[in-house]
Amino acid sequence: MSKVYVGMSGGVDSSLTAALLVEAGHDVTGVYMKNWTQDLPGMRCPWADDLADAKRVAVHLGIDFKVFDFEAEYKQKVVDYMIDEYKTGRTPNPDIMCNQEIKFKLFLETALEDGAEYVATGHYAKTENGWLLMAQDENKDQTYFLYRVTEDALKKTLFPLGGYTKPQVREMAKERGLTTAAKKDSVGICFVGQIGMREFLSQYVTTEPGDIIDRQTGDVLGRHDGAIFYTLGQRHGLDIGGGLPYYVVGKDMDKNEVYVSTNLNDKSLWLKEIKLSSIHWINEKPADGKYQVRVRHRAPLVECDLRGDTLVFTEPQRAVTAGQSAVLYNGNVCLGGGLVSEI
Amino acid sequence: MTDQLFYLDHAAATPVDERVLAVMTPYFSDRFYNPSSPYAPAIQVRRDYEEAKSRLATTFGAKGDDIIITAGATESINLAFVSTSGHIVTSAIEHDAVLAAAKLHDHTLVAPTEKGIVRPEAVAAAITPKTGLVSVQLANNEIGTIQPIRDIAAIVKQERKHRLDSDNHDPILLHCDASQGFGQIDVNVARLGVDMLTLNSGKMYGPKQVGLLWVRPGVQLAPMIVGGGQERGLRSGTENVAGVIGFARAAELAHEHQKSESARLHELRDFMQGELSNAFKQLVVSGHPKKHLPGSLHVSIPGLDAERIVFALEVRGVLLATGSACAANKGTRSHVLTAIGMSDAEADGSLRITLGRLSDKASVEQATAIIIEEITRELKRTGHA
């Protein structure tokens, strides 16, 4: 029996996580991390409801419940980082940053200081002796978001859901009478969601309209309301009608221009190799050689060759975007990875 | 969730009485007409509406012509405050609607006593020659204390006289938010001596989003909502006929049964207080021991996390509030409990129990037993017992 602090978000995954740890005989404390509380235009931040949901489950389980207030740190380490990345034209992943800076650093440190021996979260992943392993449910595997966590942190972490599928988790939550069993999953970044990113960024960044230019012909096809809102490979939301669909194939932040093409084979959409920056290996630095890589969450694992800080794909990969993460695997072991640097 | 519900939160909302609903329904269908239309069936609806307003006003000793129908107490309060120029005196334990409206003006908040009573002398001390409005609630929504409105009215009258004597012609009015308490205690504008009174249908077994502001004849108000000139031009918009028909019936029923209901609730509440005090030696009962609404009971156990009790109880069908429902949602402490000088530990360990028509002897006994069980369980879990 260990003293375990569980990050409880008010969702079904972390609710069941807490329940399973209680059943396993641990001394469990539920913790709601208060990271973001502000409403956004047209979007109500559900933090108070989520907090109440998490607490309801804790009460149901008969465990202690605490609130850790990380609002200032979250804004600084996650939100500001994300905004800065977008400003420079890159496509950051705030979930990865949140795991690196908040959940598996600040939360872990605060919990340990408070007397915890381990922390646990509802991530779909497995960990053994400081190794990060893919979840049983490959479809739900979240190791992509966890590749910047340290070995030391993993040694203090439990992922009780790693062996279950999402439907199983919902079923088990229902069997246990957890009030969050049927609660909808949050999407994308916890507080914004994919659709809200434009509105969110507009709060912090002043953008200028600019031209959308056809890469093949050089024609101006339309106007965009800020190049930062566009990401490589994007098809929708361009508001340029007619004929074949256009894809974003590049942008120039200085000129505030977005380049599009109907050519699915446009060379900028397909990359054979990338350079990695801010590389983080969870355990020992892997030797150069053949591995599998994922360039975005739920993208298929593809073969690659690691050569120093260069990654050579066996087959060219579509829409690999600066700022996003390339995460390497050796079988089911997540090794770590790095950010795709300017291409 | 269990099948049986024990609803102990009548200060938050009351169910629409079936007798109220019955008189409302025709006005959604057969009698749907716009009261301003010229043909006979519409004119009948207008008569019904005016007659309902008149019956409604009678329940608190007023005339139908002197009430303005609004979409609830919050709007009534806003309307009462918006015409005020000058300084406002109100208490620190008013509902958020009053506090927010007061904040738009130069204002002074009068601190209550530790028992939650707004002393007339304290109100007198806060009044300045520039004060245009004094607003004090009839009864507190959290701790249930009944305020000495009549005595505060005497203070305001005295100030008015004093102003006349000193050739100051600035008006000073007294508004009373009587959202809580109607049907439990006497509410009569003449006996209270107020100039404006707010009532809320949704707290007296009538429909929600209907309220009224009674204004003493001669008091000049300015509208917030302009348009077709309904409600004497003070609140435009097609009349909420069904709502007012229901409000009137609800008020009549509440008024008619006030004495017996008051006695009944008093007994149930005292039973509960006795049981809880016996079960928990450390229990603190807040508010005034005598001057409280018959159905209101506010208790605290220092060190208890009351929100946990609310969540544990909801599973067992017992629905009640922590110190203040609104405050709990915002994750902040209740301004009422802060104002009466309650410590954080006590405030966090506070439960608000408000009994009403859904409470009978058997259900209150059962609910009390369940509450004691859950609090005991929690105190054991945390090593407090």
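Visitor: Which domains does the domain assignment give for chain A?

Guide: In this predicted model, the assignment for chain A lists domain 1 (3–175), domain 2 (206–261) and domain 3 (270–340).

Visitor: What makes up the contact between domain 1 of chain A and domain 2 of chain A?

Guide: Five residues from domain 1 of chain A and five residues from domain 2 of chain A take part. On the domain 1 side, these comprise one nonpolar, three polar and one charged residues. The C-alpha centres of these two domains of chain A lie 36 Å apart.

Visitor: Turning to chain B, how do you know that the span of helix H6 agrees with its number of residues?

Guide: Helix H6 of chain B has 17 residues (149–165), which at 1.5 Å a residue should span 24 Å; its end C-alpha atoms are 24 Å apart, so the two values agree.

Visitor: Which residues of H6(B) are called buried, and why are they said to line one face of the helix?

Guide: A residue is buried if 20 or more other C-beta atoms lie within 10 Å of its own. Ile149(B), Ile152(B), Ala153(B), Ile155(B), Val156(B) and Glu159(B) are buried in H6(B). Seen down the helix axis, the buried residues fall within an arc of 155°, and therefore they line one face of H6(B). In general, an α-helix has 3.6 residues a turn, so residues three or four places apart point the same way.

Visitor: What do the buried residues of H6(B) pack against, and which residues are exposed on the other side?

Guide: The buried residues pack against helix H5 (120–126), strand E5 (131–135), strand E6 (173–177) and helix H7 (189–192) of chain B. On the other side of H6(B), the exposed residues are Arg150(B), Lys161(B), Leu164(B) and Asp165(B).

Conventions:
Residues are numbered from 1 along each chain as its sequence is written. Chains are lettered from A and ligands numbered from 1 in the order in which they are written. This is a predicted model: local features need pLDDT of at least 70, side-chain atom pairs count only at pLDDT 80 or more; totals for chains, interfaces and linings use all residues. Helices (H or I, at least four residues) and strands (E, at least two) are DSSP runs, numbered from the N terminus. The expected span of a helix is 1.5 Å times one less than its number of residues. A residue is buried if 20 or more other C-beta atoms lie within 10 Å of its own, exposed if 12 or fewer, and partly exposed in between; C-beta atoms are placed from the backbone. The arc is that of the directions from the helix axis to the C-beta atoms. Two residues are in contact if their C-beta atoms, placed from the backbone, lie within 7 Å. Domain bounds come from an automatic or database domain assignment. Ala, Val, Leu, Ile, Met, Phe, Trp, Tyr, Cys and Pro count as nonpolar, Asp, Glu, Lys and Arg as charged, and the others, Gly among them, as polar.
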